[in-house]
Amino acid sequence: MFEVLAEDLLGRIGRLKVKGKQAETPLFLPVINPVTQSISAKWMKENLGAEAVITNAYIIFKRLRERALEEGVHGILDFDGVIMTDSGGYQVLEYGDVEATPEEIALFEEEIGTDIAVPLDIPTGICGKKKAEESVKKTLKNIEITLNILKEKGVRRALWAAPIQGGTYLDLLQRCAEIEKEMDFDLYALGSPTPLMEGYRFEKLFEMIYVVRVVVGFGRPLHLFGAGHPMIFPFIVALGVDMFDSASYYLYAKDERYITSTGTLRIDRIDYFPCNCPICSNMTPTELREMKKEERTRLIATHNLYACFREIREIKQAIRDGRLMELLEIRARSHPRLYQAFRWIMENEDLLRLMENHTPLSSRRGINLFDRLSLKRPRIRRARRRLMENYFKLSAHEKHLVLIPFNRKIGFEKLKRIVGEDVFEIAYYGTPYGLVPDQLKYTYPFSQTNYPRALIEDASENLAELMIEQLKAGGYERIYVISSRSKHLKELALKLLKALHETGIKSSLIDWD
Ligand SMILES: [Zn+2]
């Protein structure tokens, strides 16, 4: 039912199969109001390649019941892709209660032929702990009722998602997820309180996702309810969210806000459209502003959808290329609060290690590093660790090692003359990986890494330390450091020599020029 095809960080491209239909993750499900259907699911499929949408089973139950039982939810939406139905939990949050039982909603979801169903849950939202505990308790009770009735009637055909509640209380989320993990569900769905998004509290949201992903493991898909703005899409995917819904394309449009991959623009302040979608290509901002409100909303919503789907494609390509972290580094600059949340990721040792384990050894694209934060990337950590464990610690090493600046080429014979030795190893310094042995210089990732000189300057302390560790692990007795013409490598060599002096390993600087 779910197959992972490619991974990067905790993000994955996967294939979700349900009732003979397929959809690829990370999967974005636009929210469709079944009554108004301002932009139809069919249009989204034909123009945006939408493979799945989400709609609300409770609204259909209340307002379109007869038609739904006749035509099914696919008939109502005129859509033959994957349809997920939310249960009505959101209405509980908005209006306090729903006029339906968990049994009614569960059987109704199966009857109308939904592909991915959610039991009637009680979203936690932002509230006090006591109320949050209550919502978890009620949700767990409801889902038990739901699983029982489905079993009793023998009607379970949809994939069923376990709604994980607990709001921003990590201990509640954890407990809820632990209990649901033992139950018979096909996927998990985390409730994300809307105020978190509106308040730009991304760090809290990321923590919630991380806690849940670790508890439920990686076997089944994880859905996030109400993912909001596309600028957080790459982050939630990198934290292990496989699918998510969002109504923001429409809500923002109603509010005259135009979505870009890094933020929103107010329609009345746009001079030029930074987008090539059919809407933005065919009119000017002034023309859009002159339209009637309803038409303008529809057009902005359409553009907003294009922006969301564009971001998904970019994320998928980044996963395939092993460049998801690079995308995060770029997107983190969209907003200071997002940058802060990104820093939380980069300072979370356990999370980085987990990401490292899910990052493939090689990738078909080179690595671009920018600053010291880039050095914490799982891919870099992994390369450094392998270098240490499979080379410096493992191989039998010569007693003597000659270190050459990474940007220089010196023939072996010449080197023998300069050093005055016959037997020695060669390694290169001035790389983000510390020392790179001669025989690995032209392998991935060492030969495919691009970085500015400033990175080596800024990280020189860290790099000197790393090189010392590598030299100690290799058990070398004497180090010859060939000097460099570049100022930053000269300084790095001096730092290394100073540190070497403290370790007692014999070393000398050879001034080559
Ligand atoms: Zn556009």
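Is Cys275 buried, exposed or partly exposed? I looked this up at the start, keeping in mind that the model is predicted. Cys275 has a relative accessible area of 22%, so I noted it as partly exposed, since buried would mean under 20%.

**Entry: the zinc ion**

Next I asked which atoms hold the zinc ion. I found SG atoms from Cys275, Cys277 and Cys280, together with ND1 of His303, at 2.1 to 2.3 Å. I then checked the angles among the four donor atoms, and they run from 101 to 117°, which makes the site tetrahedral. For orientation I wrote down that the ideal angle for four tetrahedral donors is 109.5 degrees.

Along the sequence, I read the spacing of the donor residues as C-x1-C-x2-C-x22-H. Cys275 and His303 are 28 residues apart, so this pair links distant parts of the chain. I placed Cys275 in the loop between strand S13 (263–266) and helix H12 (278–282), and His303 in helix H14 (residues 293–321).

Is His303 buried or exposed? I got 2% relative accessibility, so His303 counts as buried.

**Entry: helix H14 and its partner**

Staying with H14, I looked at how it packs with helix H15 (residues 324–331). Their axes are 7 Å apart and meet at an angle of about 135°, so I described H14 as oblique to H15.

Which residues make this contact? From H14 I listed Arg310, Glu311, Glu314, Ile315, Ala318 and Ile319. Sorting the residues of the contact by type, I got five nonpolar, four charged and no polar.

Terms used
Residues numbered from 1 in each chain as written. Predicted model: local features only at pLDDT ≥ 70, side-chain atom pairs only at ≥ 80, totals over all residues. Heavy atoms only, no water. Donors = N, O, S within 2.8 Å, 3.2 Å for Na, K, Ca; no water. Tetrahedral: all angles 85-135°; square planar, octahedral: opposite > 155°, others 65-115°. Helix = DSSP H or I, 4+ residues; strand = E, 2+ residues; numbered from the N terminus. Buried < 20%, exposed > 50% of the residue type's maximum accessible area, 1.4 Å probe, protein only. Axes fitted to C-alpha atoms, helices over the stretch in contact; angles between N-to-C directions. Parallel < 35°, antiparallel > 145°, perpendicular 65-115°, else oblique. Contact = heavy atoms within 4.5 Å. Nonpolar A, V, L, I, M, F, W, Y, C, P; charged D, E, K, R; others polar.
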